[in-house]
Amino acid sequence: QEDPVPQIEVNQLYLKSNTDKLSKKRTDWILDIFFFPNPITKERDRPFFPKMLIAVDTNSFNLLGYHIFYENNIEQNLQIHLVKMVKDAGYIPNKVFVTTYSTYNLLEKLTRELGIIIEIDESETALDEVKAELFSSISL
């Protein structure tokens with residue numbers, strides 16, 4: 001039996017106060033949540049592989065933002081970091097594509113509250129190039 005997919009609690013007041021003035025744009029994003037490929041070592045701790053969130057524009061394949069979850073608290077902090085990416089972009093995307101069902105299940109409630117359509121596209125290969133470039137630029 002599979003582990004239940006963690007659910008995030010959506011704070012509607014937080015969403016409204018942070019995205020109320022943003023308009024929706026006919027642009028699509030790819031969102032991906034995955035394990036960072038290089039182990040990270042904190043003082044006196046064993047190395048671990050943190051989860052990472054990235055947002056990529058589907059037209060330009062530009063990286064819109066990323067966040068590394070150093071603590072095992074993705075469910076508690078996902079809303080904050082996705083809203084920050086939306087605010088930094090200056091608009092709410094029309095649609096987001098994700099590559100896995102677990103990412104879909106994690107983001108579905110939040111994207112629905114933001115009025116964003118979410119779809120699964122397991123064949124999204126454009127991320128590989130973006131990830132490779134990102135990993136080479138991050139030094140931890």
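Asp 32 lies in strand E1, where helices (H or I, at least four residues) and strands (E, at least two) are DSSP runs numbered from the N terminus. The model is a predicted one, in which local features need pLDDT of at least 70 and side-chain atom pairs count only at pLDDT 80 or more, while totals for chains, interfaces and linings use all residues. Residues are numbered from 1 along each chain as its sequence is written, and side-chain values use heavy atoms, with hydrogens and water left out.

With a relative accessible area of 3%, Asp 32 is buried; the term buried means under 20% relative accessible area, exposed means over 50%, and partly exposed covers what lies in between, with a 1.4 Å probe and protein chains only. When neighbours within four places in sequence are left aside, Asp 32 is in contact with Met 52, Leu 53, Ile 54, Thr 99, Thr 103, Leu 127 and Lys 131, contact meaning heavy atoms within 4.5 Å. The side chains of Asp 32 and Thr 99 are joined by a polar contact of 3.3 Å. A polar contact is a pair of N or O atoms within 3.5 Å; within protein, one atom must be able to donate a hydrogen and the other to accept it, and residues adjacent in sequence count only if both atoms are side-chain atoms. Between the C-alpha atoms of Asp 32 and Val 56, residues that are 24 places apart along the chain, the separation is 8.7 Å.

Thr 27 also has its place in strand E1, and at 7% relative accessibility Thr 27 counts as buried. Apart from neighbours within four places in sequence, the contacts of Thr 27 are Asp 57, Asn 59, Tyr 91, Pro 93, Asn 94 and Lys 95.

The largest nonpolar core holds 25 residues, of which Trp 29, Leu 31, Ile 33, Leu 78, Leu 107 and Leu 110 touch the most other members. Two or more residues are given to this core by each of strand E1 (23–35), strand E2 (51–57), helix H2 (74–89), strand E4 (91–98) and helix H3 (101–113), and H2 gives the most, with 6 residues. A nonpolar core is here a set of buried Ala, Val, Leu, Ile, Met, Phe, Trp, Tyr and Cys residues joined through side-chain atoms within 4.5 Å. Leu 78, residues up to four places away in sequence not being counted, touches Ile 8, Ile 33, Leu 53, Phe 69, Leu 106, Leu 107 and Leu 110. Another core, of 13 residues, lies apart from the largest one and has Ile 40, Ile 54, Val 56 and Ile 68 among its members.

Rings of Phe, Tyr and Trp (its six-membered ring) pair if their centres lie within 6.5 Å, with planes under 30 degrees apart counting as stacked, over 60 as edge-to-face and the rest as tilted; by this rule the count comes to 3 aromatic pairs. Trp 29 and Tyr 91 form an edge-to-face pair, with 5.9 Å from centre to centre and 75 degrees between the planes. This pair links distant parts of the chain, since Trp 29 is in strand E1 and Tyr 91 in strand E4, 62 residues apart, and both Trp 29 and Tyr 91 are buried. The ring centres of Phe 36 and Phe 135 are 5.5 Å apart and their planes stand at 85 degrees, so this pair too is edge-to-face. Because Phe 36 lies in the loop between E1 and E2 and Phe 135 in helix H4 (residues 126–137), the pair ties together parts that are 99 residues apart in sequence. Phe 36 and Phe 135 are both buried, and together with Phe 34 they form one aromatic cluster.

A charge sits over a ring if NZ of Lys or CZ of Arg is within 6 Å of the ring centre and within 35 degrees of the ring normal. Lys 25 lies over the face of Tyr 91, at 4.6 Å from the ring centre, and the charged end of Lys 131 sits over the ring of Phe 34, 4.1 Å from its centre.

In helix H1 (residues 12–19), the buried residues are Leu 15, Asn 18 and Thr 19. Seen down the axis of H1, these residues fall within an arc of 80 degrees, so they line one face of the helix, the arc being that of the directions from the helix axis to the C-beta atoms. The buried residues of H1 pack against H2, E4 and H3, whereas Leu 13, Lys 16 and Ser 17, on the other side of H1, are exposed. At the start of H1, a side-chain oxygen of Asn 11 reaches to within 3.2 Å of the backbone nitrogen of Leu 13.
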